[in-house]
Amino acid sequence: MNKISTSKIYIIAIAIFFCLAVALIIRLFLNNREPEALVTPLELYLGDPVFYMDSTYLASQWYWEFGNGETSAKRSGEYRYGKAGTYQIRLTVDNSIEKSFLATVRTPVNLDSDSLIQIAGPSTAIQGEYVVFRGLGYAREWRWEFGETGLTDSREQVSIYAYERIGRHSVQLMTENTKYPVTHTITILPKYREEENDERTRIGNDIRQHLQAIVDGKPFSTHYNYILNTYLCNNPNILITINEEKSNDFYSYCQGLKIIDRKVTTILEVIVFPRENNDETQRQCLKTFKVMQVKNDIAR
């Protein structure tokens, strides 16, 4: 009987140890993941809504911070800023994992009645992403065609639209003051498949870490050449977009991190755009990438 009892104790102990090990592995996995969140648009005018949403698997709690002291516990929604400026939007999921975005809110340009009608809107967006278009100038009537339906899609000065079809679309705006439509071209990129998104996220995080190393004063050539050789096919002239509004060639950008932004900047996120039709030997070559960064007194 004692032998049987001892065997049962061993089996129970092994089972408990196995369960604890599985729980620990699951906990480590959940803590190392990144929220599957989206904030759009990241460049907007005062009064325009910014949409936020999260689709993290098995998530149950959300805490959004909008960078101005205001917060939300909703999974998704919209928010409007009361002042122009640059804001770091941070999401904390299940009190354990975080993701940050940088939103730039501008004051609308006040144009008089003699000003030309213009369109303010992004040149690229993702399939299904909400896009904000703003009509600039003085008019009482606004008629938007976003190039997908062939119909008048909106009659508001500030309009929001989500494209279903990928490719280039011609946005047309008519008012009572224009004889011919004012046009704007936008390119809609396809939604990433899960495996593509994972790979692009991995590459973006890898580049972000090496850019941050340059900022932190680590050997410039080591980290610069790693990105250049690994992801840019040795092309230092690739155009890099910073915070959705400014740009530099890759070499000049890295020099700026080394000299001007040395130890005063945090690289928040890198979003990569691979070349089309890459062959197997160049499958990681990038066409360009975007960088979101802030000064340390804002980010930390």
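Which residue takes a positive phi in the hairpin of E7 and E8? In that hairpin, with 3 residues between the strands, the residue is Asp94, whose phi is near 55°. Please keep in mind that this is a predicted model, where local features need pLDDT of at least 70, side-chain atom pairs count only at pLDDT 80 or more, and totals for chains, interfaces and linings use all residues. Residues are numbered from 1 along each chain as its sequence is written, and side-chain values use heavy atoms, leaving out hydrogens and water.

- Asp94 sits in the loop between strand E7 (85-93) and strand E8 (97-106); strands (E, at least two residues) and helices (H or I, at least four) are DSSP runs numbered from the N terminus.
- E7 and E8 run antiparallel and are joined by 9 bridges; two strands count as paired if DSSP finds at least two bridges between them.
- Tyr87 has Ala103 in E8 as its bridge partner.
- E7 also runs antiparallel to strand E4 (residues 62-65), with 4 bridges between them, and Glu65 stands opposite Arg90 in E7.

- Most residues other than glycine have a negative phi.
- Lys263, also not a glycine, has a positive phi near 60°.
- Lys263 is placed in the loop between helix H4 (250-259) and strand E18 (265-274).
- With a relative accessible area of 52%, Lys263 is exposed, because exposed means over 50%, buried under 20% and partly exposed in between (1.4 Å probe, protein chains only).

- An open sheet of 4 strands has the order E17-E16-E19-E18, with mixed pairing.
- Its edge strands, E17 (246-249) and E18, each pair on one side only.
- Neighbouring strands here are turned by 25° against each other on average, direction ignored; axes are lines fitted to C-alpha atoms, for helices over the stretch in contact, and angles run from 0 to 180 degrees between N-to-C directions.
- Strand E16 (residues 239-242) and strand E19 (residues 286-295) pair in the parallel sense over 3 bridges, and Ile242 stands opposite Val291 in E19.
- H4 lies across E16, E17, E18 and E19, at about 105° to E17; contact means heavy atoms within 4.5 Å.

**A nonpolar patch**
- Ile12, Ile16 and Leu20 form a nonpolar surface patch with about 310 Å² of accessible area together, computed by the Shrake-Rupley method with a 1.4 Å probe, counting only the protein chains shown as cover for residues.
- Patch residues have over 30% relative accessible area and no salt bridge, and nonpolar side chains (Val, Leu, Ile, Met, Phe, Trp, Tyr) are joined within 5 Å, like charges within 9 Å.
- A salt bridge is a side-chain nitrogen of Lys or Arg within 4 Å of a carboxyl oxygen of Asp or Glu.
- Ile16 lies in helix H1 (residues 2-32) and counts as partly exposed at 47% relative accessibility.
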